[in-house]
Amino acid sequence: MNNICKWAKTDIEIKYHNEEWCRICHDENKLFEMLILEGMQAGLSWRCILDKRENMRKAFDNFDYKKISKYDDKKIEELLNNKGIIRNKRKINALIVNAQKFIEVQKEYGSFDKYIWSFTNNKQIDNKLNDDCMLPARNELSDTISKDLSKRGFKFVGSIIIYSYMQGIGMVNDHSVNCDFYKKTEYDK
């Protein structure tokens, strides 16, 4: 496989591109992890997030939203002193709020998966981009989802963050039609 999307340049970006990006995801834990990682990215590069991902996984109890929803001031202080993660107090507080809101959505819909995928009628949107197309940063759907999440009390869920989230969980397929991974949108079992 030689042809991949042009944005994936470093080893860690290539690995993410090849194994996760635009792959359909229905796993609750992964849906939460990606929501957190996308929020942590605000103002930073995705490569920075990928570089710190394993440290964040350890620091955030393997992205366990049930545990994170109960983080207290002592845990927040511990996280703010952890040099291996994004040490932004607003983002760390958002992590906790988002875990709590994630659980509320699960209670309302039966799962976060049912909620988030209802915006696309449980189907992936294939943007059929070519190599010369700029990747979208946001669209009408990401605006809609962002507004709904914000209304529910989620933090760091602006439209641009949510569009990246949609790519991260495979709600959209933004692989170039020339990319070797264009048709590979399901996670390997």
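This is a predicted model: local features need pLDDT of at least 70, side-chain atom pairs count only at pLDDT 80 or more; totals for chains, interfaces and linings use all residues.
Residues are numbered from 1 along each chain as its sequence is written, and side-chain values use heavy atoms, with hydrogens and water left out.

With a relative accessible area of 22%, F156 is partly exposed; buried means under 20% relative accessible area, exposed over 50%, and partly exposed in between (1.4 Å probe, protein chains only). Contacts of F156, leaving aside neighbours within four places in sequence, are formed with G39, A42, R90, K91, A94 and I161, where contact means heavy atoms within 4.5 Å.

Two packed helices are described by the angle between their axes and the distance between the axes. For helix α5 (residues 73–80) and helix α6 (residues 89–109), the axes come within 10 Å and cross at roughly 135°. Axes are lines fitted to C-alpha atoms, for helices over the stretch in contact, and angles run from 0 to 180 degrees between N-to-C directions. The pair α5 and α6 is therefore oblique, given that angles under 35 degrees count as roughly parallel, over 145 as roughly antiparallel, 65 to 115 as roughly perpendicular and the rest as oblique. The contact joins I76, L79 and L80 of α5 to K89, I92, N93, L95 and I96 of α6. Its residues comprise six nonpolar, one polar and one charged; Ala, Val, Leu, Ile, Met, Phe, Trp, Tyr, Cys and Pro count as nonpolar, Asp, Glu, Lys and Arg as charged, and the others, Gly among them, as polar.

S69, in the loop between α4 (65–68) and α5, is buried at 13% relative accessibility. When residues up to four places away in sequence are not counted, S69 touches I96, A99, Q100 and I103. Y109 belongs to helix α6 and is partly exposed, at 32% relative accessibility. Under the same exclusion of residues up to four places away, Y109 touches K114, Y115 and R152. The C-alpha atoms of Y109 and Q41 are separated by 27 Å, the residues being 68 residues apart along the chain.

Definitions and conventions
Helices (H or I, at least four residues) and strands (E, at least two) are DSSP runs, numbered from the N terminus.
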